[in-house]
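These are my notebook entries on one protein structure. I looked up its charged pairs, its helices and its surface, in that order.

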Amino acid sequence: MKQLVRRIGQTVALTLPVVLVTTGTLAVTRVPWAPPTSLDQQVVAASSGDGAGIGRTAGTTTTSDGLAPQDALRVALMDELRAHNPGSALDLLERAMREQPALTPYCSSLATELGKAAVRKYQGDVQRARTFARAVCDGSFAAGAAG
């Protein structure tokens, strides 16, 4: 009897860590707060009907106006900023980054340009322009507004 209990204890001692590590690893591989992997971005880009995806890059795809997608987005952002306010343009930028992940390499430069354009819109009033800043694209809007 004593030997049976000992054998069960050894079996549990050897298998329990393996089970715990395996289940813990599997539990954290797909969590909503984790950044997407390159495979996730490729799948999203391939399934989004924007033309970017398998065999194409965002830089080589053009819109109906003959502009690259990032340039078309830049025009739309500047139009939004002129028509409304920098906050509205930042909302558009954030939405575009969620819907078109192939454009994420351009996010910081677009946000910086928005910051500079906001300062121009408010005749050099950096403080007023910076009131619209938020953490879209690592705070690049605030950096652009600062100069």
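**Entry 1: Salt bridges**

I began with aspartate 79 and arginine 82, whose side chains meet in a salt bridge at 2.7 Å, N to O. A salt bridge here is a side-chain nitrogen of Lys or Arg within 4 Å of a carboxyl oxygen of Asp or Glu. Both residues lie in helix α3, three residues apart, about one turn of the helix. Helices (H or I, at least four residues) and strands (E, at least two) are DSSP runs, numbered from the N terminus.

I noted that this is a predicted model, in which local features need pLDDT of at least 70 and side-chain atom pairs count only at pLDDT 80 or more, while totals for chains, interfaces and linings use all residues. Residues are numbered from 1 along each chain as its sequence is written, and side-chain values use heavy atoms, with hydrogens and water left out.

I then looked up accessibility, where buried means under 20% relative accessible area, exposed over 50%, and partly exposed in between (1.4 Å probe, protein chains only). Aspartate 79 is partly exposed at 39%, whereas arginine 82 counts as exposed at 57%.

How many salt bridges does a search of the whole structure find? The search finds four. I recorded a general point beside this: side chains of opposite charge can pair when their charged atoms come close.

Aspartate 71 and arginine 74 form another salt bridge, with their closest N and O atoms 2.6 Å apart. These two are separated by about one helical turn because they are three residues apart in helix α3 (residues 69-83). Aspartate 71 is partly exposed, at 29%, and arginine 74 is also partly exposed, at 22%. Asp71, Arg74 and Glu113 are linked in a network of salt bridges.

I next examined aspartate 91 and arginine 134, whose side chains meet in a salt bridge of 2.4 Å, N to O. Aspartate 91 lies in helix α4 (residues 86-99) and arginine 134 in the loop between α6 (126-130) and α7 (140-146), so the pair ties together parts that are 43 residues apart in sequence. Aspartate 91 is partly exposed at 36%, and arginine 134 is partly exposed at 31%.

The 15 residues of α3 should span 21 Å, and its end C-alpha atoms are 21 Å apart, which agrees.

Which residues of α3 are buried? They are Pro69, Gln70, Leu73, Leu77, Met78 and Leu81. These residues cover an arc of only 170° around the axis, which puts them on the same side of α3; the arc is that of the directions from the helix axis to the C-beta atoms. The face turned away from that buried side carries the exposed residues Arg82 and Ala83. The buried residues of α3 pack against α4 and α5 (107-121), with contact meaning heavy atoms within 4.5 Å.

In α5, the buried residues include Cys107, Leu110, Leu114 and Val119. Their cover includes α3, α4, α6 and α7. Glutamine 123, which follows α5, has a positive phi, near 50°.

**Entry 2: The start of the chain**

Lastly, I looked up methionine 1, which lies in the segment before α1 (2-27). Methionine 1 counts as exposed, at 77% relative accessibility.

Notes. The expected span of a helix is 1.5 Å times one less than its number of residues.
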